Amino acid sequence: MAINVLKPGLSTTVQDLGRPGYYHIGIPTSGGMDTLSLAAANLLVGNDAGAAVLEAVFMGPELEFTQDAMVAVTGADLPPKVDGQEQPCWTAFKVKKGQVLSFGFLKKGARGYIAVSGGIDVPVVLGSRSTYTLGALGGFEGRKLAAGDLLPVGKGVLVAEGRTVAEALRRAPGAPAELRMLPGLYWHRISEQAGKNFFEDTWKVAPEADRIGYRFKAGRPLDFVPRTPPFGAGSDPSNIVDACYPYGSVQVPSGTEPIVLHRDAVSGGGYMMIGTVVSADMDLIGQLQPHTPTKFVKVTMEQALTARADRAKTLEAIATALA
Amino acid sequence: MTTRYTFGGDEHIFVECSEEMSLEAFFKGMSITTALRNANIKGVTEICPANASFQVRFNPDIIAPDEMMRQLKALEAVAQSAPSTLNTRIIEVPVYYNDPWTHETGQRFRERHQDPTSTDIEYTARINNLDGIDGFIKAHSGAPWFVSMVGFVAGLPFLYQMVDRDRQIQSPKYLRPRTDTPRLTVGHGGCFACIYSVRGAGGYQMFGITPMPIYDPNQTTSYLRDFMCLFKPGDIVKWKPIGREEYDHTVAEVDAGRWQPRIAPVTFSLEEFSKDIDGTNARVMEALNGH
C-alpha cells in the first residue's frame with residue numbers, strides 16, 4: 001500500500017510523537033506540534049496513538065491512494081474531500097483504491113493531522129519516523145513532501161467508518177489565545193515593570209512562526225536590570241553564556257519579540273529566557289495562525305501540573321470512546 | 001560560583017553553574033550531569049550539558065518536580081567531592097584557515113560585519129592583538145579546546161579554549177546574522193569556537209573550513225556509521241592547520257570512505273591543569289602521537 005503525492009501542500013511532513021533522547025547533541029524531539037490532535041487522528045483510524053501521520057500546515061496536500069484505507073483529519077479545520085466530496089473533520093472516512101484525497105480552504109487552526117490506517121511507514125530513525133528538516137533527518141528523506149513522492153503505508157486494522165471525536169474533546173486555542181507560562185530561567189534579568197507588562201500585553205503571532213519556534217510581536221519591549229556582562233555572555237543585555245533551551249521556553253532577544261521554542265527547537269543559544277509555556281499548552285501553539293492575538297498567562301507549578309493532568313484526561317476520554 | 005536552579009516549565013530543570021564562562025563552571029556541570037546519569041533516577045528523560053550550565057528533562061507523571069529538584073540538588077554535593085578528572089578523548093580536526101569559501105561568504109555579507117574593510121580573520125587577529133593571520137592561526141591551533149556543549153543544531157560543537165582568560169580569543173558576532181554559512185565552517189563568537197555541522201544561517205566570525213564531516217544523517221561517512229554525530233560534550237579538540245592540497249586530498253579520501261580522524265583516549269585533570277596549563281596541554285596533545 002502506498003500513497004502517491006500529487007500535490008504536496010505548503011509544508012507537509014511525516015510526524016509521530018517524536019524522537020526524545022538526542023537533545024544533548026542538538027537533535028530535537030520533532031514530532032507533531034499538536035500531539036493531542038495527532039493521537040486522536042490515529043485512534044480514529046485504529047492506529048496506535050503514536051503512529052506516523054502527515055502534518056499539513058495551512059494547506060492540505062493532494063493524495064492518490066493505491067489501496068483502500070481509513071482516513072481521519074484532525075487539528076485544524078481543514079476540510080477533507082474524497083474525489084471532490086467533502087468529508088467531516090475529526091471523523092473516520094473511507095478512501096478507496098484510486099480515489100484522491102484533497103482539501104478545501106483552511107477555516108480555523110494552522111495544522112491538520114492526516115492519519116491513514118496502518119500509519120505512514122517511512123523508516124524509523126533514532127526511534128522515530130518524525131521529520132527534522134533542519135538536520136535532513138527522518139520522515140520522508142528528511143524533508144517536506146514533494147509532488148511525485150510515493151509514501152509507504154503500513155498494514156492497518158479494520159475499524160468502522162464514521163467514528164468521531166465528540167466536539168467537547170476537541171481542544172483549540174480561544175480568542176485571544178491564552179498560553180499558560182511558568183516564569184523562571186532568567187526572569188530576574190527583566191525589570192519588575194517589564195514582567196508586569198509582558199503578561200498584560202496582547203501579543204500577535206508574527207509571520208516567523210514554524211516548527212522551530214513561534215515569534216510574537218506587538219507587546220511593549222522589555223527592559224532589563226542593569227549589569228556588567230559576565231565573561232563569555234556578550235554585550236547585549238539579553239545575552240547569556242550559551243545554554244540549553246527548554247522546549248516551550250520563551251526567549252526575548254534584545255527584549256523585543258518573544259520566541260517560544262517548539263518541537264524542532266534549536267537546542268541552545270545565547271539569549272535569556274523568561275519562562276516556559278506549560279507542556280499542556282504546546283498543542284495550542286501548533287494551531288496558531290500568524291496575527292492571532294495571544295496572551296501569556298502566569299501560572300504556578302501546581303497549576304501547570306493540573307493543566308497537564310486535564311490534557312491527559314482529555315486524551316484518555318478520546319481513547320476510551322474509540323476503544 | 002553559586003549554582004542556580006530553576007524550573008523550565010513542568011518538564012525541565014535548568015541549572016546555571018555560573019553566570020560567566022570558565023573551565024571550572026563547565027567541569028561543575030560535567031560532574032553533576034555525570035553523577036545524575038549514574039544515579040539512574042526514574043523519570044529523567046534527557047540530560048543536556050552546556051557551557052556553564054546544564055538542563056534536565058523529566059517526566060512529571062513519574063517524578064514530581066519538587067522531588068526531582070531535591071534529588072538533583074543532593075547530587076551537587078556528591079559531584080563536588082568527586083575528583084575533577086575526566087576520561088575522554090582528543091580528536092584532531094584539520095582546518096584550512098583563511099580558505100576561499102568562507103572568504104567568499106564573508107565578502108557577500110560584508111555590510112553586516114563590524115569591519116567591512118577587512119576579513120573576519122584579520123579583524124579578530126587585530127582586536128585580540130595577534131600578529132596578523134599567522135599569529136592568529138598560531139594562537140587558535142596552539143592549545144587544545146574543550147567541547148563544552150553540543151547543540152543549536154544537530155551535532156554542532158561549541159568549543160572553549162584550554163588557556164587562561166588573558167589568552168582567550170574573543171570576537172563579537174556579526175552585527176546582523178548571515179543567511180548563509182558554508183557547511184563545516186570553523187566559526188567564533190564571544191569566547192567560543194564552533195563547527196557548523198550543516199549549511200545555514202549564522203552569526204559567528206568565519207576563520208576557516210574543515211574537510212572532515214561531523215554530522216551525517218545518512219551515516220555513509222566511514223567514521224559516522226555507528227552514530228551520525230561525531231562530538232560529545234567533554235571531547236577535546238586539537239586544530240591542525242592544513243593547506244589547499246591537503247584539504248582537497250582529505251575531501252577526496254572522505255568521499256572514497258577511506259579517511260579516519262585521529263582520535264586518542266586521554267585523561268584530563270582540572271587540578272593538574274590549574275597548576276600547569278601549558279604542561280597539561282602538551283601532555284594532552286601528545287596523546288595524539290601515541291605517547
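This is a predicted model: local features need pLDDT of at least 70, side-chain atom pairs count only at pLDDT 80 or more; totals for chains, interfaces and linings use all residues.
Let me begin with chain B as a whole. Chain B contains eight helices and twelve strands. Its radius of gyration is 20 Å, close to the 19 Å that the globule rule gives for 291 residues, so chain B is as compact as a globular protein of that length. The C-alpha trace of chain B spans about 55 × 45 × 40 Å along its principal axes. Of the 291 residues in this chain, 46% count as buried. If one takes the contacts in chain B between residues at least 6 apart in sequence, 64% of them join residues at least 24 apart.

I turn now to one sheet of chain B. In what order do the four strands of this open sheet stand? The order is β1-β2-β4-β3 in chain B, and the pairing is antiparallel. β1 and β3 of chain B stand at the edges with a single partner strand each, so one side of each has no neighbour in the sheet. From one strand to the next, the twist averages 15 degrees.

Within this part of the chain, β3(B) and β4(B) pair in the antiparallel sense over five bridges. As regards individual residues, Cys48(B) has Gln55(B), in β4(B), as its bridge partner. Helix α1 of chain B, residues 23-39, lies across β3 and β4 of chain B and runs at about 160 degrees to β3(B).

The next topic is the interface between the chains. Here, 40 residues of chain B are in contact with 39 residues of chain A. Several strands of chain B each supply at least two residues of the side that touches chain A, namely β1 (4-8), β2 (12-16), β3 (44-49), β4 (53-58) and β6 (145-150). Which strand gives the most to that side of chain B? It is β3(B), with five residues. By residue class, the side of chain B that touches chain A divides into 23 nonpolar, eleven polar and six charged residues.

Finally, I come to chain A. Its domain assignment gives domain 1 (2-165) and domain 2 (177-313). The centres of these two domains of chain A, taken over C-alpha atoms, are separated by 29 Å. Their contact takes 19 residues from domain 1 of chain A and 13 residues from domain 2 of chain A. On the domain 1 side of that contact, α1 (35-44), β5 (69-77) and β10 (108-116) of chain A each supply at least two residues. The residues on this side of domain 1 of chain A divide into eight nonpolar, nine polar and two charged.

Terms used: Residues are numbered from 1 along each chain as its sequence is written. Chains are lettered from A and ligands numbered from 1 in the order in which they are written. Two residues are in contact if their C-beta atoms, placed from the backbone, lie within 7 Å. Ala, Val, Leu, Ile, Met, Phe, Trp, Tyr, Cys and Pro count as nonpolar, Asp, Glu, Lys and Arg as charged, and the others, Gly among them, as polar. The radius of gyration is taken over C-alpha atoms; the globule rule is 2.2 Å times the number of residues to the power 0.38. A residue is buried if 20 or more other C-beta atoms lie within 10 Å of its own, exposed if 12 or fewer, and partly exposed in between; C-beta atoms are placed from the backbone. Two strands pair if DSSP finds at least two bridges between them. Axes are lines fitted to C-alpha atoms, for helices over the stretch in contact, and angles run from 0 to 180 degrees between N-to-C directions. Domain bounds come from an automatic or database domain assignment.
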